[in-house]
Amino acid sequence: MADADLQLLYRELVSLEIELWNGIEGRLRAEYDLPLTSFEVLHLLLRRPGRRVQDIAEAFSITVGGTSKVVDRLEAAGLCGRRANPNDRRSSIVELTPEGRKLVDRALRVFEDELELRIGSVIPEKSVREVTAVLSTLRAAGRALDAERKAAGQAPVPGMRAPKQPGRPAS
């Protein structure tokens, strides 16, 4: 495959992700003062209650530290809470509060409306399924490549810090 074709695909995917993110977040912020990152965590907790911070991080392919900061902000806003994990004293379970549940229920309608406007009304349902399948295949292949590289001690993967270099401060 031509490098130019792959580069164009890359640019289109990244640009689409940015434009979707900005459009959806714009509405969520305008209507509920809710950043999309916060909505995503709340939505995950609605769909799959009783998650640990580690579970949330893995679901979004982001670092545990970054996830913990988002959860801290949501907890401070009264939208979720943490309770002791009965299976592991070193971690806690994150749960929606009643206020968090109400907010995510309302924000979910805005989210779904924006997806319909920006994707569903533009391409047919069959194309949505086909594009979803292709993107899932690409993500699975990328995760497999990252796992192989990690096992071989090669280039760091997202969420994995490079070993500290002698003479350099830890970041």
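Begin the tour with the aromatic rings, of which the structure holds one pair, where rings of Phe, Tyr and Trp (its six-membered ring) count as a pair if their centres lie within 6.5 Å. Select Phe39 and Phe111: their rings are 4.8 Å apart centre to centre with 40° between the planes, which makes the pair tilted, given that planes under 30 degrees apart count as stacked, over 60 as edge-to-face and the rest as tilted. Phe39 sits in helix α2 (residues 36-47) and Phe111 in helix α5 (residues 98-120), so the pair ties together parts that are 72 residues apart in sequence; helices here are DSSP runs (H or I, at least four residues) and strands likewise (E, at least two), numbered from the N terminus. Both Phe39 and Phe111 are buried, meaning under 20% relative accessible area, with exposed over 50% and partly exposed in between (1.4 Å probe, protein chains only).

Before going on, note that this is a predicted model, in which local features need pLDDT of at least 70 and side-chain atom pairs count only at pLDDT 80 or more, while totals for chains, interfaces and linings use all residues. Residues are numbered from 1 along each chain as its sequence is written, and side-chain values use heavy atoms, with hydrogens and water left out.

Next, show helix α1 (residues 3-32) together with α5, whose axes come within 10 Å and cross at roughly 140°; axes are lines fitted to C-alpha atoms, for helices over the stretch in contact, and angles run from 0 to 180 degrees between N-to-C directions. Among the residues that make this contact are Leu20, Ile24 and Leu28 of α1 and Leu103, Val110 and Phe111 of α5, contact meaning heavy atoms within 4.5 Å.

Now move to helix α3 (residues 53-60), where Val53, Asp55, Ile56 and Ala57 are buried. The elements covering these buried residues include α2, α4 (64-76), β1 (80-84) and β2 (92-96). Just after α3, look at Ser61, which takes a positive phi of about 55°.

From there, select Thr67, which lies in helix α4 and counts as buried because its relative accessibility is 1%. Leaving aside residues up to four places away in sequence, Thr67 touches Val53, Ile56, Ala57 and Ile62.

Finally, colour the protein by domain: domain 1 covers 3-122 and domain 2 covers 124-156, with bounds that come from an automatic or database domain assignment. Their centres, taken over C-alpha atoms, are separated by 20 Å, and four residues of domain 1 are in contact with four residues of domain 2.
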